[in-house]
Amino acid sequence: MSYADLFNLPASPYFLSHSVGCLAKKSELSLAENFLTPWKLSGGDAWQNWLNTVDLFCTALGQLLNANSTDFCPQTNLSSGLTKWLMALPTHSHKIRKRKVLMHEDAFPSMGYVVKAMQPLGFELVLIPAAESAANIQTWQRYVHGDIHCVLATHVHSNTGQVSPIQSIAQLCRQQSCYFAVDVAQSAGILPIDLSLWDVDVVFGSSVKWLCGGPGAGFMWLNPQSIEQLTPMDVGWFSHNDPFAMEITDFQYANGAKRFWGGTPNIAPYALALGSLQTILNIGLKTIFAHNRRLIELFLQGVNEGLLHPVDLANMGGTLCLEMPATRSEAICQRLDSHNCYFDTRGNVMRLSFHIYNSEQEVALLTDVFNQQ
Ligand SMILES: Cc1ncc(COP(=O)(O)O)c(C=O)c1O
């Protein structure tokens, strides 16, 4: 059996894992076993099972990212997590009058929308221009100053594939006393991540892309060193230290990351994503990453010289983001469409992702398509 057999795959080559990862077969079973069956068999008594499922999801995430399961909190998506976290930051900071949030112009727009919408609360979006490379620490050194309240770095940028140097940015943020948040939507499940080495305040992620767990099973990881300073405003009984205390006048924050949880939690997306996370863990991230790199290298070796801009393999995520003139891009798109390939374009950039379920034959097809004149 090949690793590809562990997933439900469309009939033609799928290069869209940066958009939506394919459904792991174990996910369907996990949804039935950890969500539907307990409900069918025991009605409201399913809660114990359901909460255990979320715990298992957090444990699996901890294994993947080398962190403690109790430092994760489920969130519907990254934007919502960012909103809650910004609102929870201490307000006694000396920088409070100018709560500038710095991100690169290539960050996912939704993250910028959050800060824009929070302008009435004193937040201000500051963007590093797209022309300056996010992969270069000198770029961040130019912009991370003492007047920045918080930095949000995108680990892997969705439209360029560039990787931000997280550990170096973290050092910079510590020197300048800025909070530091990281978006791992495009890196979790494909690049090795060790949160114990990052020294960041918060990490936001989802299961949609390389984790193959579908929408709805987002998460945030909170640095246990600073969690006690955070006072989320969007709360509910699952943010309470004792959810079953039921004393309306006495709200006490949960001790750890779960203070960000809110009211009655979502279960189904986590039951589903648990199956895909377990699949990814069983295969092993090293294997997935090595496979991705091998296929990218095969592609780059196969494409005739001069047809592509140089690709910086050392500073890129799992997606090939290929910039090319419109006429060439149109011709290639047509040929890919004729093979019913799944891929996409953003402006003049074509995006192609290689996951564990992609094969050398698919890469050979791609190189043929690119080499045709
Ligand atoms: C880098 C990055 N961040 C965030 C998101 C999604 O954010 P949200 O979960 O808020 O929809 C995406 C989705 O494509 C992304 O590529």
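## Basis of the report

A polar contact is a pair of N or O atoms within 3.5 Å; within protein, one atom must be able to donate a hydrogen and the other to accept it, and residues adjacent in sequence count only if both atoms are side-chain atoms. The model is predicted, and local features need pLDDT of at least 70, side-chain atom pairs count only at pLDDT 80 or more, while totals for chains, interfaces and linings use all residues. Residues are numbered from 1 along each chain as its sequence is written, and side-chain values use heavy atoms, with hydrogens and water left out.

## The ligand and its contacts

A polar side-chain atom of Gln 186 lies 3.0 Å from an oxygen atom of the ligand. Asp 183 has a side-chain N or O atom 2.6 Å from a nitrogen atom of the ligand. On its own the ligand has 400 Å² of accessible area (Shrake-Rupley method, 1.4 Å probe), of which the protein covers 85%.

The residues around the ligand (a heavy atom within 4 Å of it) are Asn 77, Leu 78, Ser 79, Phe 108, Ser 110, Thr 154, Ser 158, Asp 183, Ala 185, Gln 186 and Lys 209. This shell contains 3 nonpolar, 6 polar and 2 charged residues. Here Ala, Val, Leu, Ile, Met, Phe, Trp, Tyr, Cys and Pro count as nonpolar, Asp, Glu, Lys and Arg as charged, and the others, Gly among them, as polar.

## The largest pocket

The ligand sits in the largest pocket, in that more than half of its atoms lie within 2 Å of the grid points of the pocket. A pocket is an open set of points on a 1 Å grid over the protein atoms alone, where a 1.4 Å probe fits, with protein on both sides within 12 Å along at least five of seven lines; in a cavity the probe cannot get out, and lining residues have an atom within 4 Å of a point.

The largest pocket has a volume of about 480 Å³, taken as the space filled by probe spheres set on the points, which are joined across faces, edges and corners. Of its 30 lining residues, Phe 108, Ser 158, Ala 185, Gln 186 and Lys 209 lie nearest the centre. Two or more lining residues come from each of α3 (78–88) and α4 (109–117), and α4 gives the largest share, 3 residues. Helices are DSSP runs (H or I, at least four residues) and strands likewise (E, at least two), numbered from the N terminus. The lining divides into 10 nonpolar, 14 polar and 6 charged residues.

## Other spaces

The second largest pocket holds about 410 Å³. Its lining has 18 residues, with Thr 160, Gln 162, Pro 310, Asp 312 and Cys 321 nearest the centre. Strand β8 (residues 319–323) contributes the most, 5 residues.

The structure holds 1 cavity of 30 Å³ or more. The largest cavity is lined by Trp 85, Leu 89, Tyr 179, Asp 201, Ser 226 and Leu 230.
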